[in-house]
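Visitor: Here is a model I would like to go through term by term. For each label, please set the value against the definition.

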Amino acid sequence: MIGYKKRLSEWQCLSEVKIGRGSPIPPMLQRKIVEQYQKGVSQRKIAKSLKLSSSTVHNIIQRFRESGTISVCKGQGWKTILDARDLRALRRHCITYRNATVMEITPWAQEYFQKTLSVNTVHRAIRRCRLKLYRSKKKPYLNMIQKRRRFLWAKAHLKWTVAKWKTVLWSDESKFEVLFGKLASHVILTKEDKDNPSCYQRSVQKPASLMVWGCMSACGMGSLHIWKGNINAERYIQVLEQHMLPSRRHLFQGRPCIFQHDNARPHTASITTVWLRRRRIRVLKWPACSPDLSPIENMWRIIKRKMRQRRPETVEQLEACIRQEWDNIPIPKLEQLVSSVPRLL
């Protein structure tokens, strides 16, 4: 008796609630419709008592007549153009030709499957294959010899401890440009604002730029040298004399250290090598095309991100911002970057 009252109260609550257009009918309410139909109640009275449309009641009763159940049969709905076998073939093609665009894949799919397919259909099918379109990462090209040397270099320095890496003076050059509104490729606007000058992505052919040389270690930030134009071996030696040697004395206080720079032409020139040997500076042998192993590359990325936020408009403002952000790098951040080198190896 208690169960009957409970079901009756639930039916009353369901009948009092107004079901919106397109909303699914609760299974309990569907069973109520079938029970009243089996008792001989007309469909019009059932729809009026439960506050449903006559077509909804008719469809539920007709489904019960045909299948003997109130559940929706599988397979109903719009049929997909590409079946599971076609999707597997599409996935194999996309993985084989990863650099192909959707516009290039669509003609192949139309010819291979012999079906009329649009670009949007192929794009949805690629997502059904659990594949997505991303912008590829930019990495330096490495041939087999360079890969082998990188592997041997990492294997040779794998036993270096974090304390050993903290004795390295890291150095590198980087190029900074004045961003003339060239900040992002996306903008939030309405259809009427497409010609608004504030929504343009401005660009110039040769933006004003500065070359920056800097050095760092786990003990702190070294000296910073900024100039315009390129650098040769003679000028690089002057930078080492005026900035690297004072930074080395300031950061290590006479303790032995290892100097690191990459394999750029001014770094590997014969006069540079002779100057370093004459000064008795121990240089860390560095593999070619390996900026990902140097923690100072992360420093450049941090400073360039700050430049995009501050948006300097002139070369003078750019230089001032670079020097300010360089001096604001905390020492715990430097220790964290240097301590990550063994994990990279």
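Guide: Axes are lines fitted to C-alpha atoms, for helices over the stretch in contact, and angles run from 0 to 180 degrees between N-to-C directions. Note also that this is a predicted model.

Visitor: What angle and what axis separation describe the packing of helix 2 and helix 3?

Guide: Helix 2 (residues 27-38) and helix 3 (residues 43-50) pack at about 145°, and their axes are 10 Å apart. The crossing of helix 2 and helix 3 is right-handed. On the side of helix 2 the contact is made by L29, K32, I33, Q36 and Y37, and on the side of helix 3 by I46, S49 and L50.

Visitor: How do the residues of the contact of helix 2 with helix 3 divide into nonpolar, polar and charged?

Guide: The contact of helix 2 with helix 3 has 5 nonpolar, 2 polar and 1 charged.

Visitor: What makes the pair of W153 and W286 edge-to-face?

Guide: Ring centres must lie within 6.5 Å to pair, and planes over 60 degrees apart count as edge-to-face. By this rule the count comes to 10 aromatic pairs. W153 and W286 have 5.1 Å centre to centre and 70° between the planes, therefore the pair is edge-to-face. The two residues are 133 residues apart, with W153 in helix 8 (residues 144-156) and W286 in the loop between helix 12 (270-278) and helix 13.

Visitor: Why is W153 called buried?

Guide: Buried means under 20% relative accessible area. W153 has 8% relative accessibility, so W153 counts as buried. W286, at 8% relative accessibility, counts as buried too.

Visitor: How do you know that W170 and W286 form an aromatic pair?

Guide: The centres of W170 and W286 are 6.1 Å apart, which is within 6.5 Å, so they pair. Their planes make 80°, which is over 60, so this pair is edge-to-face. W170 lies in strand 1 and W286 in the loop between helix 12 and helix 13, so the pair ties together parts 116 residues apart in sequence. W170 has 0% relative accessibility and therefore counts as buried. Ring pairs link W153, W160, W165, W170 and W286 into a cluster.

Visitor: Is S294 buried or exposed, and what does S294 touch?

Guide: At 5% relative accessibility, S294 counts as buried. Leaving out residues up to four places away in sequence, S294 touches W170, Q260 and W286. S294 lies in the loop between helix 12 and helix 13.

Visitor: Why are the buried residues of helix 15 said to lie on the same side?

Guide: In helix 15 (residues 331-339), L334, L337 and V338 are buried. They cover an arc of only 95° around the axis, so they are on the same side of helix 15. On the other side, P332 and Q336 are exposed. What covers the buried residues of helix 15 includes strand 1 (168-177), helix 13 (296-310) and helix 16 (341-344).

Visitor: Why is R343 called exposed?

Guide: Exposed means over 50% relative accessible area. R343 has 66%, so R343 is exposed. Its place is in helix 16. The C-alpha atoms of R343 and L158 are separated by 9.1 Å, while the two residues are 185 residues apart along the chain.

Definitions and conventions: Residues numbered from 1 in each chain as written. Predicted model: local features only at pLDDT ≥ 70, side-chain atom pairs only at ≥ 80, totals over all residues. Heavy atoms only, no water. Buried < 20%, exposed > 50% of the residue type's maximum accessible area, 1.4 Å probe, protein only. Helix = DSSP H or I, 4+ residues; strand = E, 2+ residues; numbered from the N terminus. Arc of directions from axis to C-beta. Contact = heavy atoms within 4.5 Å. Left-handed = near helix turned anticlockwise from the far one by under 90°. Nonpolar A, V, L, I, M, F, W, Y, C, P; charged D, E, K, R; others polar. Phe/Tyr/Trp six-rings, centres within 6.5 Å; stacked < 30°, edge-to-face > 60°.
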